Amino acid sequence: MPEDKEQTISRRDVVKATGVGALATALGTNIVMAGRANAQPPEARALFFDVGGTILDWSVMPEKIESYLAERGVTVDGTAFWPAWRAKLFFYMMYNTMIGAEFIPLEELARRSTLAFAQSQKIDLSPEDAGGILPLLGELDVYPDITPGLQKLKEIGFQLVPHTQLSNQILKQALLDRFEWDRHFTSESFALYKPERAIYLKAVEAMGLERSQVIYVTSNQFDVFGSKGVGFRTAWVNRWDETLEPYGYTPDWQVKDFVELADALEAEKP
């Protein structure tokens, strides 16, 4: 996306334009013009939200998986199965993006990754049954803090935009009717999976915004790195009291839930 060209103004130019008083204020600072004499970045206008684990409460997924597979005669420990299954699916998402081949929709990708994971665990699972685990995400509820937090953020004046690699079907079933969103993006919007740079940047372009006008909200650390890596300010909802991994990117805000997020972002009112 094209960005405004920045022009550095010399101290001499400042004196000519605005007098010695302005120069004294500017001493020791970098004065930058972006189409006008204004050193401040554009105001935040939109909040992009990761969905799985950030908005949708997936703490119940181990139990859902156990029940689903038990109905099919398969016994698993859901607490162990769920994070390992997620990791396998995430690898398949990255493989599909990195290879640069034709985009494989999430439902099919999840069926394949589930079969691969089942084979590694010596679990006998049919392709049909393997394809039934991902849709369980569409049955999830939101965390209790989501609705009050979103309501306050809406009142503050932000545009609210789910930005997820979940599929259109899951997002529609689980989330879209729960709140009045301004826009939404899924992996199907751009035929890409996170953390590919373009899935973030194309969403900004579609909104007609600059990167500096977006705050990215996520509970997942890979999204902290992905969103900060493309130039967004980022709010990390640390729901599980994790330690930030030393990848090299630090979130601009760290909160425990959406109510605290709304309080923290009130000063960023558009």
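Reader: Which elements do the buried residues of H11 pack against?

Author: Buried here means under 20% relative accessible area, with exposed over 50% and partly exposed in between, using a 1.4 Å probe and protein chains only; helices (H or I, at least four residues) and strands (E, at least two) are DSSP runs numbered from the N terminus. In this predicted model, the buried residues of H11 pack against helix H10 (197–207), S5 and strand S6 (233–237). The buried residues in H11 are Gln221, Asp223, Val224, Phe225, Gly226 and Ser227, and just after the helix Gly231 takes a positive phi of about 105°.

Reader: How should I read strand S5, and why is it described as largely enclosed?

Author: In a regular strand the side chains alternate between the two faces of the sheet. In this case Val214, Tyr216 and Thr218 on one side and Ile215 and Val217 on the other are all buried; because 5 of the 5 residues of S5 are buried, the strand is largely enclosed by the rest of the structure.

Reader: Which strands pair with S5, and in what sense?

Author: Two strands pair if DSSP finds at least two bridges between them. Strand S3 (residues 46–49) pairs with S5 in the parallel sense over 4 bridges, and S5 and S6, which also run parallel, are joined by 4 bridges.

Reader: What polar contacts does the side chain of Thr218 make?

Author: A polar contact is a pair of N or O atoms within 3.5 Å; within protein, one must be able to donate a hydrogen and the other to accept it, and residues adjacent in sequence count only if both atoms are side-chain atoms. Thr218, which lies in strand S5 and is buried with a relative accessible area of 0%, reaches the backbone nitrogen of Asn220 with its side chain at 2.9 Å, and that side chain also makes a polar contact with the side chain of Asp223 (3.4 Å).

Reader: Where is Ser219 placed, and is this residue buried or exposed?

Author: Ser219 sits in the loop between strand S5 (214–218) and helix H11 (221–229), and is buried, with a relative accessible area of 1%. A polar atom of the Ser219 side chain lies 3.0 Å from the backbone oxygen of Gly53. Leaving aside residues up to four places away in sequence, Ser219 touches Asp50, Gly52, Gly53, Thr54, Trp236, Val237, Trp240 and Glu242.

Terms used
Residues numbered from 1 in each chain as written. Predicted model: local features only at pLDDT ≥ 70, side-chain atom pairs only at ≥ 80, totals over all residues. Heavy atoms only, no water. Contact = heavy atoms within 4.5 Å.
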